[in-house]
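Have the model open while you read.

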Amino acid sequence: MVRLIDIAKYLGLSVTTVSYSLNNDPRIPAGTKQRVLEAAAELGYSGKSGRSDGGEYLKQVVLCVNSFKGGVYTEIIEAMNETLRLNNCDLMIYVGADVSKIKWMDGLFVLNSKVSNEDVAKITARRIPVVLMDRETEFTDAVNVTLDNFNGCKAVTQCAINAGAKTFAFIGGPKESYESSYRYNGFCSALDENGLINKNTIVLQTDFTYEGGLNACRFVLEHDTRPDAIVCANDETAMGIIAGLKAENIKKDIIVTGFDGVLRYNSPNRFITAKADHLHWAATSSYSMLQMFEHLSGKSIKKIPVKTVKYNI
């Protein structure tokens with residue numbers, strides 16, 4: 001069976017160039033396409049070209065993420081891949097922040113706060129559609145499809161206040177994380193509206209991981225006055241916090257909150273999370289990209305609502 005790599009070796013080209021040639025990518029020179037087609041016929045390559053029945057070019061779209069850790073990415077990738085595949089698009093995953101390294105793409109999804117706005121601007125300047133899933137910065141040729149981070153974190157903080165919490169700690173994500181900053185602002189808004197903002201509020205930054213939450217918990221428990229509630233920027237951090245409380249045999253005294261709603265919860269601790277519909281988020285992001293391919297106008301900023309889920313409260 002002849003493979004793309006066999007054609008690439010035969011012609012001295014990259015596999016990417018061969019694949020794009022067979023997909024009739026307009027960016028590949030006509031002479032190169034012809035060489036690839038002739039070699040494919042000569043070698044007996046029978047693979048599908050990747051085009052639809054009408055011969056339409058198969059668009060290559062890239063989802064840029066920081067890592068594959070966490071259930072959030074799994075749900076999003078699977079849902080996006082299904083929606084895009086049915087619309088003649090091929091989804092590729094890029095783990096990293098330097099999007100300038102991505103040479104071939106027709107569209108870009110950004111779910112990585114380490115990607116700078118400057119680099120996003122360079123991509124949109126090339127007239128490549130961009131869907132920003134982690135920030136609300138406005139660009140030409142870009143739309144924003146984000147979770148309602150501000151109101152989601154404000155809601156879980158308000159639930160903790162309603163449950164009796166008066167002193168707080170906030171455990172956020174990395175400094176550059178847009179999502180963490182929006183969630184922190186929602187947290188502060190809830191405290192402000194209830195007259196609870198004070199200098200004793202503990203604010204820490206971690207890396208959105210279980211280990212980060214565990215380490216943050218140890219620091220929080222070293223304070224003379226323990227907070228009534230620990231508000232976390234995501235569920236994995238919250239699970240680390242809960243593990244830290246369990247290690248100190250602290251069960252129901254401190255309320256813990258998270259964000260995402262992707263982890264199974266089984267603990268005696270009081271826990272609140274902002275559960276996001278990641279399938280809705282992925283589909284809306286995908287359809288936004290497809291609309292941009294068709295040059296259809298739409299809202300430049302779309303927010304996916306989240307709902308509050310309480311355990312043992």
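Predicted model: local features only at pLDDT ≥ 70, side-chain atom pairs only at ≥ 80, totals over all residues.

Residues are numbered from 1 along each chain as its sequence is written, and side-chain values use heavy atoms, with hydrogens and water left out. Helices (H or I, at least four residues) and strands (E, at least two) are DSSP runs, numbered from the N terminus.

**Nonpolar cores**

- The largest nonpolar core holds 47 residues; a core here is a set of buried Ala, Val, Leu, Ile, Met, Phe, Trp, Tyr and Cys residues joined through side-chain atoms within 4.5 Å.
- Leu 63, Met 80, Phe 109, Met 133, Phe 168 and Trp 281 have the most contacts inside that core.
- Helix 4 (residues 71-85) gives the most to this core, namely seven residues.
- There's also a second, separate core of 20 residues, with Ile 202, Val 220, Ile 254 and Phe 271 among them.
- Not counting residues up to four places away in sequence, Phe 109 touches (heavy atoms within 4.5 Å) a list including Val 61, Leu 63, Met 80, Leu 84, Val 131, Met 133 and Met 289.

- Ser 286 is part of helix 10 (residues 278-293).
- At 0% relative accessibility, Ser 286 counts as buried; the cut-offs are under 20% relative accessible area for buried, over 50% for exposed and partly exposed in between (1.4 Å probe, protein chains only).
- Leaving aside neighbours within four places in sequence, Ser 286 is in contact with Met 80, Thr 83, Leu 84 and Phe 109.
- Ile 128 sits in the loop between helix 5 (117-125) and strand 4 (130-132), and its 7% relative accessibility makes it buried.
- With neighbours within four places in sequence set aside, the contacts of Ile 128 are Met 105, Asp 106, Gly 107, Leu 108, Ile 123 and Asp 141.
- Ile 128 and Asp 224 are 96 residues apart along the chain, and their C-alpha atoms are separated by 53 Å.

**Helix pairs**

- Two packed helices are described by the angle between their axes and the distance between the axes.
- Axes are lines fitted to C-alpha atoms, for helices over the stretch in contact, with angles from 0 to 180 degrees between N-to-C directions.
- Helix 6 (residues 149-162) and helix 7 (residues 178-193) have axes that come within 7 Å and cross at roughly 40 degrees.
- That angle makes helix 6 oblique to helix 7, since under 35 degrees is roughly parallel, over 145 roughly antiparallel, 65 to 115 roughly perpendicular and the rest oblique.
- By class, the contact of helix 6 with helix 7 has seven nonpolar, six polar and four charged residues; Ala, Val, Leu, Ile, Met, Phe, Trp, Tyr, Cys and Pro count as nonpolar, Asp, Glu, Lys and Arg as charged, and the others, Gly among them, as polar.
- For helix 8 (residues 210-221) and helix 9 (residues 235-247), the axes come within 6 Å and cross at roughly 45 degrees, so this pair is oblique too.
- The contact of helix 8 with helix 9 divides into nine nonpolar, four polar and one charged.
- Helix 1 (residues 4-11) and helix 3 (residues 30-43) have axes that come within 10 Å and cross at roughly 115 degrees.
- The helix 1 side of that contact is Asp 6, Ile 7, Tyr 10 and Leu 11, which meet Arg 35, Val 36, Ala 39, Ala 40, Glu 42 and Leu 43 in helix 3.
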